[in-house]
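Reader: I'd like to go through this one term by term and hear what stands behind each label. Can you show me the structure before we start?

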Amino acid sequence: MDYKAKQDLTGKLALVTGAGQGIGAAIAEALAATGAEVICTDILRERAEATARDLTARGFAARAEALDVTDSAAIDALAAALPPLDILVCNAGIAVNTPAEEMTDAEWDRVIGVNLTGVFRTCRGFGREMLKAGRGAIINIGSMSAEIVNVPQPQCHYNASKAGVHHLTKSLAVEWAKRGVRVNAVAPTYIETPLLKDLESKPGLVSRWLEMTPAGRMGQTHEIASVVQFLASDASSLLTGAIINADAGYTCI
Ligand code: NDP
């Protein structure tokens with residue numbers, strides 16, 4: 001068995017949502033560095049272009065598209081304009097702290113709309129073409145918050161959206177398993193990205209979190225990107241419907 005070849009993504013076409021910064025930019029880098037041609041998308045075109053520019057400057061194959069994951073028409077139009085993807089990474093997400101009793105309908109709808117409905121619409125739009133081609137790997141970015149309640153952060157909409165992403169992942173995996181499309185998810189712990197800027201305003205929260213984490217640390221973006229790269233490659237060919245906890249042991253306790 002050629003184990004090295006299994007990890008190689010040469011000749012594969014990948015698309016990453018929310019690739020303008022943070023975890024998405026690292027995922028785009030990991031896929032491109034192992035051979036894939038990567039379409040970097042983000043709600044902000046300039047951000048997607050910056051990621052793609054950085055990758056092409058390093059000799060990797062990348063290009064940028066603006067894409068709002070809540071916009072079904074834009075997703076379907078882009079899916080129709082591209083060859084079927086080999087790899088789709090649904091990474092775009094938002095996090096907002098709001099106590100449940102103060103949450104407006106608009107706040108609830110916005111977080112569910114991007115984090116859960118956005119993942120569904122993206123999987124549906126690009127998944128149709130992948131099903132027609134009879135192949136592909138979809139990786140959704142969930143969260144440890146799908147499994148546990150992160151007490152200091154009032155985010156019931158975020159937690160519910162991520163639990164939905166995990167179950168959506170399993171549901172699509174079962175529906176599409178016999179048609180060649182694998183669907184898996186990664187559930188990260190806290191990863192140092194702009195999404196966590198809120199944490200800096202809460203002294204003590206980070207140290208408390210670290211005490212509660214078996215490995216005693218947060219994660220880095222490249223550590224999530226490596227797991228996604230594995231799930232995108234033939235090295236994970238038997239995995240579908242898997243939710244991989246990348247959380248330094250947090251959800252074990
Ligand atoms: P970032 O905020 O750093 O990056 C997410 C990117 O997605 C941003 O560029 C953001 O733009 C963009 N985005 C937001 N809304 C949309 C949309 N509707 N369509 C397309 N793009 C959009 O987040 P992270 O890199 O930290 O997070 C990436 C994923 O990982 C998210 O799904 C998040 O929930 C998940 N995650 C993150 C953890 C962490 O600790 N960082 C932990 C567990 C899970 P803008 O800045 O304008 O919103």
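This is a predicted model: local features need pLDDT of at least 70, side-chain atom pairs count only at pLDDT 80 or more; totals for chains, interfaces and linings use all residues.

Reader: Which residues come nearest to the ligand?

Author: Gly18, Gly22, Gly93, Thr193 and Leu195, out of the 31 residues around the ligand.

Reader: And which helix gives the most to that shell?

Author: That's α2, with three residues. Both α2 (22–33) and α5 (105–133) supply at least two residues each.

Reader: How do you know how confident the predictor is in the protein?

Author: Mean pLDDT is 96, and 100% of the residues reach 70 or more. For the complex, the predictor gives an ipTM of 0.99 and a pTM of 0.98.

Reader: What is the secondary structure made of?

Author: Eight helices and seven strands.

Reader: What share of the residues is buried?

Author: 44% of the 253 residues. As for contacts between residues at least 6 apart in sequence, 75% join residues at least 24 apart.

Reader: Why is methionine 144 called buried?

Author: The cut-off is 20 or more other C-beta atoms within 10 Å. Methionine 144 has 20, so it qualifies as buried.

Reader: Where does methionine 144 lie, and what is it in contact with?

Author: Methionine 144 sits in the loop between β5 (136–141) and α6 (156–176). Beyond four places in sequence, its contacts are Ala187, Pro188, Thr189, Asn245, Asp247, Tyr250 and Thr251. Take asparagine 245: it is 101 residues away along the chain, yet the two C-alpha atoms are separated by 7.0 Å.

Reader: Why is histidine 222 called partly exposed?

Author: Histidine 222 has 14, so it falls in between and is called partly exposed. Histidine 222 is found in helix α8 (residues 221–232). Its C-alpha atom and that of threonine 56, 166 residues apart along the chain, are separated by 18 Å.

Reader: What makes the phi of alanine 248 worth a mention?

Author: Most residues other than glycine have a negative phi. Alanine 248 is not glycine, but its phi is near 55°, a positive value. You'll find alanine 248 in the segment after β7 (243–246).

Reader: Is alanine 248 buried or exposed, and how do you know?

Author: Alanine 248 has 20 other C-beta atoms within 10 Å, so it is buried.

Reader: Which residues have the most contacts inside the largest nonpolar core?

Author: Ala14, Ile27, Ala28, Leu31, Val38, Cys40 and Val228, in a core of 69 residues. The largest share of this core, eight residues, comes from α2.

Reader: What is alanine 14 in contact with, leaving aside neighbours within four places in sequence?

Author: Leu31, Ala36, Glu37, Val38, Ile39, Leu85, Asp86, Ile87, Val89 and Ala232.

Notes
Residues are numbered from 1 along each chain as its sequence is written. A residue is near a molecule or strand if its C-beta atom, placed from the backbone, lies within 6 Å of it. Helices (H or I, at least four residues) and strands (E, at least two) are DSSP runs, numbered from the N terminus. A nonpolar core is a set of buried Ala, Val, Leu, Ile, Met, Phe, Trp, Tyr and Cys residues joined through C-beta atoms within 7 Å. A residue is buried if 20 or more other C-beta atoms lie within 10 Å of its own, exposed if 12 or fewer, and partly exposed in between; C-beta atoms are placed from the backbone. Two residues are in contact if their C-beta atoms, placed from the backbone, lie within 7 Å. pLDDT is the predictor's confidence in each residue, from 0 to 100.
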